[in-house]
Structure formats: structure tokens, C-alpha cells
Amino acid sequence: MQIVNSYDRLTETPRIATVHRTTGETDVQVTINLDGRGTCIAATGIPFLDHMLHQIASHGLIDIDVQAKGDLEIDDHHTNEDVGITLGQAFNQALGSRKGIVRFGNFLAPLDEALVQVALDFSGRPHLSYGLQIPTQRVGTYDTQLVREFFVAIVNHSQMTLHIRQLDGINSHHIIEATFKAFARATRLAVEIDPRRAGLIPSSKGVL
């Protein structure tokens, strides 16, 4: 695994990270820019996952480039999980020391009949509380069980606390897309630099 971190804690240059993860099952490279404009290039071989990565980029104002090759002839599980792992590692690297960030984010996203709330904390303590009730096994060819696996992976490797709550919804596509949009908006809030706390760790303990 090769990790390149261009976040300069002294000059505060744009928070950009590239992570390349290779296993016997997948080859995944992710580049993110936390100070981007929401551009996205996603080529995972899983169309619905690509669609969700575009939601993270567009609504989070994060530039994302994901290139993945995996054993899709078996199923989507390994690729889906390893994209989540690699994206989580990229978040962790791009955030660096996490000095000056708002740290917490919360957003309530409607999508037609679906309503999903996401609250998160770049706390350094991985935790996922997952409350989606997705009514169908698949959206297109995408196994809806993989939504949870994606967020487990990103939580563990970005070291964030993440709570996902479904308040309403009967359409699987709407529920999942509302989740990714809420996650994107909450992340955007959390990674913003707080001018009143610039250069400081956002914790009363002085460390995350």
C-alpha cells in the first residue's frame, strides 16, 4: 500500500491525499481534495456505487477520483468494501492532524418520501450506528446489504463516529441516495476550517 499525503501542516496547502490499496482481490486508488469543487471521476465497475460516490463529491464539495478493479465476477462485495477502506484512509490522510476543523457535522436530507439524518464526528474513534431499513435486496444489480459494508469500511479507516438514522422512506434507491447526500453534507460541515479555531485541535483534551 502506498500513501501520499500532500497536506502541509505548516503552510496549510490544500488538503489532498492519494491512497493506493492492492490486495489479492482488488486494486483501488483514491485521490481526494477536501477543498475541492465537487468534481468526481468514479470507475469502480459497480455503476450504483459510482453514482453514490458522485453524491459524496457533489454535495460534499470534495473532489474525488476513484479507480478500482476487483473480482466482480464473484460479486461486488470485495470491491465495494475496499473502495470504502481506501476512501476512509484518504480522508484520514487528507485531514492530517485535524487542526482547525469544525469536526462535527449533522444533516437531514429528504429525497421524495425518504428522509435520512446523518451525524458524524471526526473524533479519532471509529464507531458506526446504522439505522437504515432498506426494503429490497437489490437496487438494479447492487446488493443493498453493501451499503452498510461501505460505511463500516469508511468509518474504521477514517476514524470517525457516524450515526445514520432513517426517519422515513419506502423506496430503496431514495433511502440510499438520501443517506449518501446527508453523509456528504455532514462531512462538508465537519471538515470546514473554523476561523476561530485555526491551528488548534478541536478537542478540550488537546488531542484527537
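This is a predicted model: local features need pLDDT of at least 70, side-chain atom pairs count only at pLDDT 80 or more; totals for chains, interfaces and linings use all residues.
**Exercise 1.** Now place asparagine 33 in its surroundings: which strand holds it, and what does it touch?

*Solution.* First, find the strand: asparagine 33 belongs to S3, which covers residues 26-33. Then look for contacts, leaving aside residues up to four places away in sequence: these are Pro14, Arg15, Ile16, Leu61, Ile62 and Asp63. Finally, check the side chain, where a polar atom of asparagine 33 lies 2.9 Å from the backbone nitrogen of aspartate 35.

**Exercise 2.** Work out which strands pair with S3, and in what sense.

*Solution.* Take S2 (residues 16-22) to begin with: S2 and S3 pair in the antiparallel sense over seven bridges. A hairpin of three residues joins the two, and valine 19 stands opposite valine 30 in S3. Move on to S5 (residues 63-70), which pairs with S3 over eight bridges, again in the antiparallel sense. Here threonine 31 has aspartate 65 in S5 as its bridge partner.

**Exercise 3.** Explore the largest nonpolar core: which residues have the most contacts inside it?

*Solution.* Of the 56 residues in this core, those with the most contacts inside it are Ile32, Leu53, Phe150, Phe151 and Leu162. Helix H4 (residues 172-191) gives the core its largest share, nine residues. To finish, zoom in on phenylalanine 151: the residues it touches include Leu128, Leu162, Ile164 and Phe180.

Conventions: Residues are numbered from 1 along each chain as its sequence is written. Side-chain values use heavy atoms; hydrogens and water are left out. Helices (H or I, at least four residues) and strands (E, at least two) are DSSP runs, numbered from the N terminus. A polar contact is a pair of N or O atoms within 3.5 Å; within protein, one must be able to donate a hydrogen and the other to accept it, and residues adjacent in sequence count only if both atoms are side-chain atoms. Contact means heavy atoms within 4.5 Å. A nonpolar core is a set of buried Ala, Val, Leu, Ile, Met, Phe, Trp, Tyr and Cys residues joined through side-chain atoms within 4.5 Å. Buried means under 20% relative accessible area, exposed over 50%, partly exposed in between (1.4 Å probe, protein chains only). Two strands pair if DSSP finds at least two bridges between them.
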